Amino acid sequence: MSLPLMLVLVFFSIALIAIVSILVVRGKIPVKYSLLWYVFAIIVLLTGLFPNFFGVLGRFVGFNILSDFIIALILVILIFLNIALTVMIASQRRRINIVSQEVALLKKEVKDAKTKE
């Protein structure tokens with residue numbers, strides 16, 4: 001891997017960590033959602049600092065071609081991202097149902113209070 005590419009990867013990962021940290025501090029994203037971006041930034045940083053890291057790891061796992069290992073790694077990351085997003089969506093749906101039920105009960109109480117007057 002060429003030195004300019006290594007420098008770009010290191011700069012990109014540091015910039016990504018800074019941007020995600022700013023978003024967390026400003027309250028734009030919760031910490032639990034930012035963890036995935038931090039993991040991604042660390043992977044990019046490792047790639048920039050140790051360019052042969054994924055080649056050695058890929059050969060250790062059993063991949064002969066580095067591009068096959070990278071594609072498999074990306075697929076695994078996307079599967080975990082999909083699972084995490086599914087859990088978040090299910091949690092939000094439960095919260096929406098609870099809030100809807102509470103609003104319906106409050107509307108009924110208000111309607112009952114108006115009819116008693």
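A residue is called buried when its relative accessible area is under 20%, exposed when that area is over 50%, and partly exposed in between, with a 1.4 Å probe and only protein chains taken into account. By that rule threonine 115, at 58% relative accessibility, counts as exposed. The model described here is a predicted one, in which local features need pLDDT of at least 70 and side-chain atom pairs count only at pLDDT 80 or more, while totals for chains, interfaces and linings use all residues. Residues are numbered from 1 along each chain as its sequence is written, and side-chain values use heavy atoms, with hydrogens and water left out.

The helices named below are DSSP runs (H or I, at least four residues; strands are runs of E, at least two), numbered from the N terminus. Helix H1 covers residues 3-25, and methionine 6 is found in it. Methionine 6 is buried, since its relative accessible area is 19%. Although methionine 6 and threonine 47 are 41 residues apart in sequence, their C-alpha atoms are 7.7 Å apart in space.

Threonine 47 belongs to helix H2, and at 17% relative accessibility this threonine counts as buried. The side chain of threonine 47 reaches the backbone oxygen of isoleucine 43 at 2.9 Å, which can be read against the definition of a polar contact: a pair of N or O atoms within 3.5 Å, where within protein one must be able to donate a hydrogen and the other to accept it, and where residues adjacent in sequence count only if both atoms are side-chain atoms. Tyrosine 38 also has its place in helix H2, but with 24% relative accessibility tyrosine 38 counts as partly exposed. When neighbours within four places in sequence are left aside, tyrosine 38 is in contact with Ile17, Val20, Ser21 and Val24, contact meaning heavy atoms within 4.5 Å. From tyrosine 38 to leucine 81 the separation is 43 residues in sequence and 13 Å in space, C-alpha to C-alpha.

The next stop is helix H3, residues 53-61, whose buried residues are Phe54, Gly55 and Gly58. Seen down the axis of H3, these buried residues fall within an arc of 105 degrees, so they line one face of the helix; the arc is that of the directions from the helix axis to the C-beta atoms. The buried residues of H3 pack against helix H2 (31-49) and helix H4 (66-116), whereas Val56 and Phe60 are exposed on the other side of H3. Following H3 comes glycine 62, whose phi is positive, near 120 degrees.

Side chains of opposite charge can pair when their charged atoms come close. The structure holds one salt bridge, a term for a side-chain nitrogen of Lys or Arg within 4 Å of a carboxyl oxygen of Asp or Glu. In this salt bridge the side chains of aspartate 112 and lysine 108 meet at 3.1 Å, N to O, and both residues lie in helix H4, four residues apart, about one turn of the helix. Aspartate 112 is partly exposed, with a relative accessible area of 31%. The backbone oxygen of aspartate 112 is reached at 2.8 Å by the side chain of threonine 115, which likewise lies in helix H4. Leucine 105, too, lies in helix H4 and is exposed, with a relative accessible area of 54%. The C-alpha atoms of leucine 105 and serine 21 are separated by 40 Å, with the two residues 84 residues apart along the chain.
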